[in-house]
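Thanks for asking me to look this over with you. Here are a few friendly notes to read alongside the picture.

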Amino acid sequence: MSIEFHGPYLALEQNALGLKLTPISIRELLFISEAPCEVFGIKDGLYKKIIAKSSAVSNNTVKELLQKGQHYLFVFRTERHLLIEHQQENLRQVTRSLSVGDPVEKAVKQMNLLTINLGYLYANSTSDELLDLQFQSAKNLANFLIDKSELHEQVFQEYLKQKHHFILAQPALSSLFLMGILKNANLYNNSEIINLFLTSYFKDIGMSAIPTEKYDQEELSESEKVLLAKHAQHSVEILQGRTTLGPSYLKIIENHHSFSLLTQNLELNLNSDDNILAGFETMLVTVMDVISAMISGRPYRTASSLYESLDLIKLLIADQYPQEFKLIVTYFRSFFFNGRKGEIF
Ligand SMILES: [Fe+2]
């Protein structure tokens with residue numbers, strides 16, 4: 001039996017709830033069969049329990065909540081860890097069973113769970129446990145997808161449908177693209193490609209210095225802008241000595257926003273194969289980041305199409321680096337043939 005509160009008692013009950021509840025992202029309810037804790041929403045301006053503990057939840061539940069305009073969800077602060085642990089166990093399970101079942105479905109599920117867990121990691125970037133789980137799971141996904149370039153387009157389309165927060169979605173998209181292009185380039189062995197995938201995936205972890213929801217504002221405050229400008233350096237500080245990524249990969253992370261410096265480096269190092277490769281990799285990481293940023297929407301601007309983003313990249317690099325641009329276009333060509341028939345470069 002539940003007791004209905006009215007008048008001043010209702011206000012007291014709401015106040016008490018307000019103090020005990022903490023917000024969650026609605027996407028944290030994806031891939032859950034049974035609610036590990038109670039979930040509250042807001043109805044007529046009041047907190048209201050919408051999912052009881054242990055009740056059945058499906059991906060349709062999330063869809064229905066979104067359709068009803070229930071975007072803001074909460075759980076008890078004391079139960080927050082139950083949801084996090086549940087999703088981490090989910091991630092471990094999918095990581096262990098990636099090769100069983102439909103490969104696209106598995107890869108997309110793994111990417112979605114990685115994205116949910118990236119949110120937990122960004123909220124607590126000093127946790128070794130969180131970083132280890134994320135790193136190992138991302139590595140497994142990379143291993144799984146490295147010889148399956150033909151599935152990338154489908155994985156990309158399905159993943160995009162979940163509309164994760166762009167801060168959390170962008171690393172997965174840019175790393176997937178990077179992997180496909182590096183594989184096509186035939187210049188790297190699989191272990192180098194996987195390290196570069198991980199380099200790309202973790203390059204923005206320094207952005208966790210600013211809470212994810214703050215990025216929804218078009219203008220950050222002055223102090224936040226300073227933090228954002230230093231995020232590449234901050235990423236290196238967070239990762240140093242805590243993963244298997246070596247100094248040359250951390251260098252790419254440190255330089256992933258120095259595009260002008262990067263083009264200078266490429267020119268200066270034309271006689272040194274090693275340096276050309278280092279510059280080439282950094283450029284690709286940056287370019288894939290630009291594409292992924294453009295195709296994922298922001299609250300203050302709509303998403304561009306893949307075609308539009310490649311048009312910009314063409315302007316940026318095609319004259320100076322025609323071979324590199326050709327590699328990029330070759331990889332994305334299958335996306336156009338599969339996804340948008342009739343549009344060819
Ligand atoms: Fe970045």
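**Notes on the model**

1. Let's begin with a hairpin. Strands S2 and S3 form it with 2 residues between them, and Asp44 in the turn has a positive phi of about 50 degrees. Please keep in mind throughout that this is a predicted model.

2. Now for how the two strands meet. S2 covers residues 39-43 and S3 covers residues 46-51; they pair in the antiparallel sense over 5 bridges. To find your way along the pairing, look for Ile42, which stands opposite Tyr47 in S3.

3. Next, a pair of helices. Two packed helices are described by the angle between their axes and the distance between the axes. Here the axes of H4 (residues 103-123) and H6 (residues 152-161) come within 9 Å and cross at roughly 45 degrees. The two helices are therefore oblique to each other, and H4 passes H6 in a right-handed crossing.

4. Which residues in H4 and H6 meet? From H4 come Val104, Ala107, Val108, Met111 and Asn112, and they meet Gln154, Val155, Glu158 and Tyr159 in H6. Sorted by class, this contact has 6 nonpolar, 2 polar and 1 charged residues.

5. Finally, stay in helix H4 and find Gln110. Is Gln110 buried or exposed? Gln110 counts as buried because it has 25 C-beta neighbours inside 10 Å, and the cut-off for that is 20 or more. Leaving aside neighbours within four places in sequence, Gln110 is in contact with Val94, Thr95, Leu98 and Leu141. Asn90 is 20 residues from Gln110 along the chain, and their C-alpha atoms are separated by 9.1 Å.

Note on methods:
Residues numbered from 1 in each chain as written. Predicted model: local features only at pLDDT ≥ 70, side-chain atom pairs only at ≥ 80, totals over all residues. Axes fitted to C-alpha atoms, helices over the stretch in contact; angles between N-to-C directions. Helix = DSSP H or I, 4+ residues; strand = E, 2+ residues; numbered from the N terminus. Parallel < 35°, antiparallel > 145°, perpendicular 65-115°, else oblique. Left-handed = near helix turned anticlockwise from the far one by under 90°. Contact = placed C-beta atoms within 7 Å. Nonpolar A, V, L, I, M, F, W, Y, C, P; charged D, E, K, R; others polar. Pairing = 2+ DSSP bridges. Buried ≥ 20, exposed ≤ 12 C-beta atoms within 10 Å, placed from the backbone.
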